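Here is a short briefing on one protein chain. Keep the sequence and the 3D view open as you read.

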Amino acid sequence: MMGMQQSPQSSLFYIGINIDKRVRCNHPLRRVKQLIDFDFAYNEVKERYGTNGNVSVPPPVILKLMLLLIFYNVRSERELMDTLPERIDWLWFLGYDLDSEIPNHSVLSKARKKWGIEIFQSFFERIVLQCVEACLVDGRKIFIDSSLVDANASNNSVIDIRNLKHQLRKNYKKLEDRLEDKSESTNPSLTYEKKNNRYISSTDPDAAIVNRGKPKLSYQVHRAVDERSEIITATEATAGDINEAHLMIPLIEQHKMTTGATANTVVADSKYGTIENFLSCHDRGIHAHIPDLREAAVKRTAKLNIFSEDHFLYDTERDVYHCPAGNVLKPKSLHVSRQSRDYAARKKVCAVCQLREQCTQNKTGRTIKRHLRQEELDKMRETSRSSKAKRDIKTRQHLMERSFAKSTRYGFDEARWRGLWRMRIQEYLTCAIQNIQVMINHVLKPKKSAVAVAIAIKASTGRILFVLIEAISGVFGRQHYHYESFFLKSLMHIKFKLKTQLQKTYLGNSPWRPDPEFTGLRQTSINEEEWDKA
Ligand code: SF4
């Protein structure tokens with residue numbers, strides 16, 4: 001019989017409703033709640049609250065609300081609060097009941113201003129630490145890259161600061177107020193000077209105009225990702241026009257601080273291949289798998305159709321270069337800021353040289369630049385051209401693209417709020433969520449690690465070989481061939497060698513231990529001589 005739906009009538013009383021039972025057991029928020037402790041927020045921000053006055057929304061709840069905002073990519077805080085009473089899973093995650101009072105949306109912006117970025121940084125670092133404890137971070141090899149994020153401001157808000165100073169309008173006053181507001185909430189140690197200070201946005205003065213096809217107000221986020229499970233171990237946000245190469249060493253330092261592990265290999269694209277970065281890596285004992293910026297200079301020289309620097313031989317003892325015409329280029333001038341020295345032949349010598357056209361277009365002759373630490377630089381560049389480095393550089397492309405692509409799910413490509421310090425908060429939350437996702441996949445759904453799989457395959461191969469040899473020796477042993485003594489002896493010898501190898505490889509240091517019955521490992525007391533006697 002067909003059922004007919006009754007006209008809707010809300011019940012006055014619901015008895016025995018348990019929100020916990022309404023949230024499915026594999027709900028992602030249930031896993032987040034299971035893994036992450038939000039109560040640390042009480043301690044982190046207790047100094048920022050007074051002892052009298054209105055009682056605030058508990059800090060862990062505010063942090064969870066911000067997490068929901070990014071996790072579900074909700075457009076605004078107002079929308080989050082409007083949707084909250086309709087979402088049982090969100091209510092359950094926040095520890096609310098069906099009839100709990102929903103906080104006002106302004107609670108979140110007030111909390112951000114009151115707390116600053118430290119608590120969000122601490123949240124991100126705690127998640128990284130949990131990933132380290134769950135063996136999701138190897139720490140030895142990191143991949144570095146950056147990406148642009150659109151600022152929450154229109155291009156129409158950009159003004160030329162030089163004209164502005166003469167205007168002295170009300171808007172200028174407002175802008176100055178906003179600039180002052182910025183300095184209160186920004187940690188000066190984390191500030192990187194914007195390159196273009198002439199054109200600023202009156203809506204978001206921290207954002208910078210970046211022209212990549214089309215001029216746009218942008219921020220830039222920089223990340224270091226660990227190789228093993230693609231955990232983001234370090235992150236930083238800056239104005240869009242900052243040179244990403246300057247962020248490489250701070251990211252390496254941050255990686256060390258968050259994971260406690262020192263990276264021995266850093267992989268990045270050619271924008272990071274500056275002399276400073278190569279030398280800094282050399283001083284830290286880090287392999288820099290970075291395409292060298294010098295290769296671009298070599299290509300430029302090739303276009304000019306003149307001798308490359310490789311045609312000039314350096315004489316270490318005399319500290320001079322020998323040019324293709326056999327003349328000597330002596331040290332000429334020292335550039336302290338660039339830490340390099342120019343080498344040149346005498347002007348007269350170059351002027352009458354027959355190879356001049358192939359060597360230089362400069363009227364004063366050819367000059368070769370040499371860094372004061374050229375040997376170390378050459379060593380680092382050599383490493384960056386190895387096959388291992390090339391493989392890593394190829395891997396980096398996909399790995400970093402994947403990391404940034406995953407972030408777009410959380411609204412990463414657009415700044416939610418205005419100001420650099422708020423951009424940093426957004427980035428810390430986004431990275432924390434991405435790491436939590438990896439943790440959920442690996443910790444709650446453990447997979448066989450690649451190493452365990454490799455060991456198991458190796459072990460199985462060894463076991464199969466052992467069984468085969470045992471079977472062959474058994475067959476020949478029963479059939480009494482006239483050459484049995486020699487053949488069986490050889491088989492027994494191979495069997496013994498294989499058994500010893502199995503014993504060495506797998507006993508004690510492997511998750512897999514061979515079955516003693518199966519491999520004959522019980523007879524460990526027997527030695528090679530006894531086998532030979534047999
Ligand atoms: S132009 Fe000057 S540096 Fe170049 S090959 Fe001739 S002498 Fe040597």
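In which sense do β1 and β5 pair, and over how many bridges? They pair in the antiparallel sense, over 9 bridges. Keep in mind that this model is predicted. The chain has 22 helices and 13 strands.

**The whole chain**

- The chain has 534 residues, and 29% of them count as buried.
- Take the contacts in the chain with a separation of 6 or more: residues 24 or more positions apart account for 67% of them.

- β1 covers residues 141–150.
- Of the 10 residues of β1, 7 are buried, so the rest of the structure largely encloses this strand.

- Strand β4 spans residues 208–212, and strand β5 spans residues 214–226.
- The two run antiparallel and are joined by 5 bridges.
- V210 stands opposite K216 in β5.
- β4 and β5 form a hairpin with 1 residue between them.
- In the turn, G213 has a positive phi of about 90 degrees.

**The five-stranded sheet**

- An open sheet of 5 strands runs in the order β9-β10-β11-β12-β13, with antiparallel pairing.
- β9 (313–315) and β13 (367–371) stand at the edges. Each has a single partner strand, so one side of each has no neighbour in the sheet.
- On average, neighbouring strands of this sheet are turned by 35 degrees against each other, direction ignored.
- β9 pairs with strand β10 (residues 320–322) in the antiparallel sense, over 3 bridges.
- Y314 has Y321 in β10 as its bridge partner.

**Around the ligand**

- Which residues come nearest to the ligand? Of the 14 residues around the ligand, they are C323, A325, C350, C353 and C359.
- The elements that give two or more residues to this shell are α14 (347–351) and α15 (356–359).
- The shell divides into 9 nonpolar, 3 polar and 2 charged residues.

- The buried residues of α8 are I119, F120, Q121, F123, F124, I127, V128 and C131.
- An α-helix has 3.6 residues a turn, so residues three or four places apart point the same way.
- Just after α8 comes C135, with a positive phi of about 60 degrees.
- C135 lies in the loop between α8 and β1.
- Is C135 buried or exposed? C135 has 12 other C-beta atoms within 10 Å, so this residue is exposed.

**Two asparagines in loops**

- N73 lies in the loop between α4 (59–71) and α5 (77–83).
- Phi of N73 is near 45 degrees, which is a positive value in a residue other than glycine.
- N73 is exposed, because it has 12 other C-beta atoms within 10 Å.
- N104 lies in the loop between α6 (88–94) and α7 (106–115).
- N104 is exposed, with 12 other C-beta atoms within 10 Å.
- N104 and E77 are 27 residues apart in sequence. In space they are 9.2 Å apart, C-alpha to C-alpha.

**R381 and its contacts**

- R381 sits in helix α16 (residues 374–384).
- Why does R381 count as partly exposed? It does so because it has 18 C-beta neighbours inside 10 Å. A residue needs 20 or more to be buried, and 12 or fewer to be exposed.
- Leaving aside neighbours within four places in sequence, R381 is in contact with F278, D292 and R294.
- R381 and H287 are 94 residues apart along the chain, and their C-alpha atoms are separated by 9.8 Å.

Key. Residues numbered from 1 in each chain as written. Predicted model: local features only at pLDDT ≥ 70, side-chain atom pairs only at ≥ 80, totals over all residues. Near = placed C-beta within 6 Å. Helix = DSSP H or I, 4+ residues; strand = E, 2+ residues; numbered from the N terminus. Nonpolar A, V, L, I, M, F, W, Y, C, P; charged D, E, K, R; others polar. Pairing = 2+ DSSP bridges. Axes fitted to C-alpha atoms, helices over the stretch in contact; angles between N-to-C directions. Contact = placed C-beta atoms within 7 Å.
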